[in-house]
Amino acid sequence: MRILVALGGNALLRRGQPMTAENQRANVRIAAERIKEVAVDHEVVVAHGNGPQVGLLALQSTAYEEVGIYPLDVLGAESQAMIGYMIEQELGNVMPKEQQIVTMITMTVVDADDPAFDNPTKPIGPVYDRETAERLAVEKGWSIAADGEYFRRVVASPQPRNIVEQKAIRQLVDSGVLVVCAGGGGVPCVFDKEGSLHGVEAVIDKDLASAELAVRAGADLLVIATDVDGVYQGWGTPGQAFIKEMRAEDALNAEFAAGSMGPKVRAACNFALATGKRAVIGSLEDIRGLVDGTCGTAIVSDSPGGVELD
């Protein structure tokens, strides 16, 4: 079975942890052990988030005043290489020695007229208290938004429309290579009127891009790994209830938190509707159960799938 595993940010950095290379390495090592549980028996593609990392790179860029601040697309590519290096190396340390692993810098095409560019919603970088966040917003011209009890910088998050390297990724997987790609949703790019590709100032939602790639790579299952055991109705309320399975046709009309579970449910629905196959949301610790169907929240569809994408 071909599985695309989309790693949440918690797989790289726990909330509140200092963003040190050592902390990220330790978390990636744990993630690699989990992925190995299914990668030894299945074809696996690994995608991952980059919100904390790309935000940190942006902060570091502002500290050097001799040159202008690097744009987010360039920082996104840098974060893909940094995180991919760690994942590739730690997977190589636990997988059979004959398993080839490749990290691919991935570009994701978005629409230049996407309304998201006028409505920043994607959190990046570290968390701040309200006072610090509001001060930085004034000093640096940021948009900020609440993230739980904290605040973070938010940037535009346009919808993914295509994966530039999709054919190369599929060819590698067909050849038995474990591919790490689409980091941070891929580097956001647009085509101009002359057909040239250019980066844009944005960060794409990792889960939506992972679903897009899962369809195009011919995945049989999309696993969206996060830090909770699945999707809950009424999360955070006394009456919260675990949801074992949802029909994509119904889930698209349900309300979930826009900054956390909402994009994951939508991504799972996109995959299920496009392919007629199962997507599952749950804890990385339960990855074997997510694959076997005994853990997490499954998203299924009555659609026969087979949607053709450009």
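The model is predicted, so local features need pLDDT of at least 70 and side-chain atom pairs count only at pLDDT 80 or more, while totals for chains, interfaces and linings use all residues. Residues are numbered from 1 along each chain as its sequence is written, and side-chain values use heavy atoms, with hydrogens and water left out.

**Helix pairs**

Helices (H or I, at least four residues) and strands (E, at least two) are DSSP runs numbered from the N terminus. Axes are lines fitted to C-alpha atoms, for helices over the stretch in contact, and angles run from 0 to 180 degrees between N-to-C directions.

| Pair | Angle | Axis distance |
|---|---|---|
| H1 (residues 21–39) and H3 (residues 72–94) | about 50 degrees | 8 Å |
| H2 (residues 51–63) and H3 | roughly 125 degrees | within 9 Å |

The angle makes H1 oblique to H3, and H2 is likewise oblique to H3. Angles under 35 degrees count as roughly parallel, over 145 as roughly antiparallel, 65 to 115 as roughly perpendicular and the rest as oblique.

Contact means heavy atoms within 4.5 Å. Residues of H1 that meet H3 include Val28, Ala32 and Ile35, and those on the H3 side include Met82, Tyr85 and Leu91. By class, this contact has 10 nonpolar, two polar and five charged residues. Ala, Val, Leu, Ile, Met, Phe, Trp, Tyr, Cys and Pro count as nonpolar, Asp, Glu, Lys and Arg as charged, and the others, Gly among them, as polar.

H2 meets H3 through Gln53, Val54, Leu57 and Ala58, and among the H3 residues in this contact are Leu72, Met82 and Ile83. The contact of H2 with H3 has seven nonpolar, three polar and one charged residues.

**The core**

A nonpolar core is a set of buried Ala, Val, Leu, Ile, Met, Phe, Trp, Tyr and Cys residues joined through side-chain atoms within 4.5 Å. Buried means under 20% relative accessible area, exposed over 50%, and partly exposed in between (1.4 Å probe, protein chains only).

The largest nonpolar core has 39 residues, of which Leu4, Leu213 and Val265 touch the most other members. Its largest share, eight residues, comes from H8. Leaving aside neighbours within four places in sequence, Leu4 is in contact with residues including Val45, Leu213 and Val223.

**Val180**

Val180 lies in strand S9 (residues 178–180) and is buried, with a relative accessible area of 1%. Beyond neighbours within four places in sequence, its contacts include Val46, Ile87, Leu91 and Ile101.
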